[in-house]
Amino acid sequence: MDKVRVADVAGKGRGLLATKAIERGDLVGEEEPFAFVVIQKHRSKLCHQCANSVQSLSRCSKCKFAYYCSKECQKKAWSLHKLECQRIQNVSPRMPTESVRFLARLIDQGEIFKKENQPNPVDALCGDADSLKTNLEQQKTFVDLSLTLRQFSDLDVRAHVLADLYGKIHRNCFTVSNGYMEPVGVAMYQTFSLLNHSCVPNCVATNQQARMQVRAVRPIKAGEEVTISYISVFQPIESRRDALQEQYSFLCTCPGCCSAEALEKNRIHTSSQQKVSETAIRRNVDESKRVSSAAETAMRAGNYSEALSTLESYIKSTVLHPFSYYVVQCIDKAMDCCIETEKWEKALDYALMTIEPYKMFTQCNPVVAIQLFKVVKLQLHLNKLKEAAQSVDVVLRMLEITHGRDHDVTIDCQKMAWFTHQEERAMANKQKAIFIFG
């Protein structure tokens with residue numbers, strides 16, 4: 001990883017600086033996690049060592065909990081899994097959460113590093129144990145986690161050590177996502193955990209299995225700090241700041257929060273194209289949050305038609321600007337409901353409604369690329385070949401920047417682009433023949 005170096009950054013502690021000029025779309029670096037667990041939802045779908053997804057995963061014969069894609073991955077995992085394996089057998093059929101398993105794994109790794117006289121990567125990371133003294137929600141989470149850890153394992157760890165580890169997990173963990181930006185695991189990285197946040201980052205992070213890849217979305221000068229966004233940049237500034245304060249204990253003062261342009265753009269979230277009162281706008285914002293929460297609950301229960309009805313009622317009646325985050329999040333969920341209920345035309349309409357708002361707040365982002373990819377798939381499904389041919393080229397250019405040309409998703413898109421253009425040419429030739437010969 002010769003394109004970045006660890007350095008002190010004014011007002012931020014340590015971070016990563018570019019050692020050379022980096023062009024848009026360049027791979028800044030990639031790194032395997034030193035700690036990783038698969039989340040419960042994907043426990044039987046991914047390798048617990050590398051997060052590879054293959055059709056035939058082998059299950060651990062003892063705990064019947066962990067899955068592996070190969071003998072090699074199972075051997076690599078054994079030094080840590082042999083400890084977890086017995087614990088899982090002891091508490092079965094109850095299953096510990098990924099948070100508990102991740103904490104136990106860090107403790108076990110620390111002991112292994114100590115025995116091998118090797119430096120523990122966790123020791124070099126900054127924590128946030130002090131936030132436990134003032135944050136009641138974090139205190140409750142920490143107490144619950146500690147109690148569950150003791151039920152799950154025989155680990156005898158002092159409270160202050162657990163608090164330090166909890167703080168480091170809180171500050172340095174990353175969600176591992178598949179190529180379609182669906183969360184599949186939790187990981188910690190030795191170098192990339194030092195990346196600092198910006199709401200207008202110069203890089204994006206994606207995963208190829210559990211490996212983290214960081215790519216530049218705009219040119220970076222030598223000596224410039226390399227940044228990513230820890231959270232969704234589509235949220236209003238106040239929501240982003242609250243989330244960053246809660247999770248990472250800092251008040252964001254980046255240009256994306258404080259510049260005149262950012263503040264002007266942010267007004268869209270709480271504005272209307274109609275002449276309405278501030279009271280009506282606040283009421284619509286509150287209603288959006290209620291509707292979104294109710295829809296999520298219904299979707300988790302598999303009640304997609306119910307969720308769609310609730311969402312559509314709000315979308316049709318709201319007075320908020322159509323680019324407002326509060327509207328777009330409801331439209332996005334409505335699209336998912338339409339896909340689940342096979343309402344393909346409606347799904348495409350909703351998907352298209354999200355693209356311009358997303359692009360307004362970020363020009364090149366993995367989430368936007370995947371949303372556009374969904375548009376292409378829906379257009380193809382509906383046999384809209386001309387529109388799909390135009391869309392797929394845009395998606396492919398964006399994926400080559402956000403995911404890289406060799407990423408599994410980009411390769412899928414390349415195949416889809418070839419197929420789409422072949423079909424479009426065949427359709428054009430057919431129509432030409434009809435025109436000539438009647």
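**Close-up views of a predicted model**

**View 1. Helix α4 lies across β7 and β8.** Helix α4 covers residues 159–172 and runs at about 50° to β7. Helices (H or I, at least four residues) and strands (E, at least two) are DSSP runs, numbered from the N terminus. Axes are lines fitted to C-alpha atoms, for helices over the stretch in contact; angles between N-to-C directions run from 0 to 180 degrees. Contact means heavy atoms within 4.5 Å. This is a predicted model, where local features need pLDDT of at least 70 and side-chain atom pairs pLDDT 80 or more, while totals for chains, interfaces and linings use all residues. Residues are numbered from 1 along each chain as its sequence is written, and side-chain values use heavy atoms, without hydrogens or water.

**View 2. Three strands form an open sheet in the order β4-β8-β7.** The pairing is antiparallel. β4 (35–38) and β7 (173–177) are the edge strands; each has a single partner strand, so one side of each has no neighbour in the sheet. On average, neighbouring strands are turned by 25° against each other, direction ignored. Strands count as paired if DSSP finds at least two bridges between them. β4 and β8 (residues 183–188) pair over four bridges. Here A35 stands opposite M188 in β8. Helix α2 (residues 98–115) packs on the sheet and touches β4, β7 and β8. The direction of α2 makes about 150° with that of β4.

**View 3. Y180 and F373 form an aromatic pair.** The whole structure holds seven aromatic pairs. Rings of Phe, Tyr and Trp (its six-membered ring) pair if their centres lie within 6.5 Å; planes under 30 degrees apart count as stacked, over 60 as edge-to-face and the rest as tilted. The centres of Y180 and F373 are 6.0 Å apart and the planes are at 25°, so this pair is stacked. Y180 sits in the loop between β7 and β8, and F373 in helix α12 (residues 366–381), so the pair ties together parts 193 residues apart in sequence. Y180 is partly exposed, at 33% relative accessible area. F373 is buried, at 1%. Buried means under 20%, exposed over 50%, partly exposed in between (1.4 Å probe, protein chains only). K377 lies over the face of F373, 4.8 Å from the ring centre. For this, NZ of Lys or CZ of Arg must be within 6 Å of the ring centre and within 35 degrees of the ring normal.

**View 4. Y230, Y248 and F250 form one aromatic cluster.** The ring centres of Y248 and F250 are 6.5 Å apart and the planes are at 40°, so the pair is tilted. Y248 is buried at 10% relative accessibility. F250 is partly exposed at 25%.
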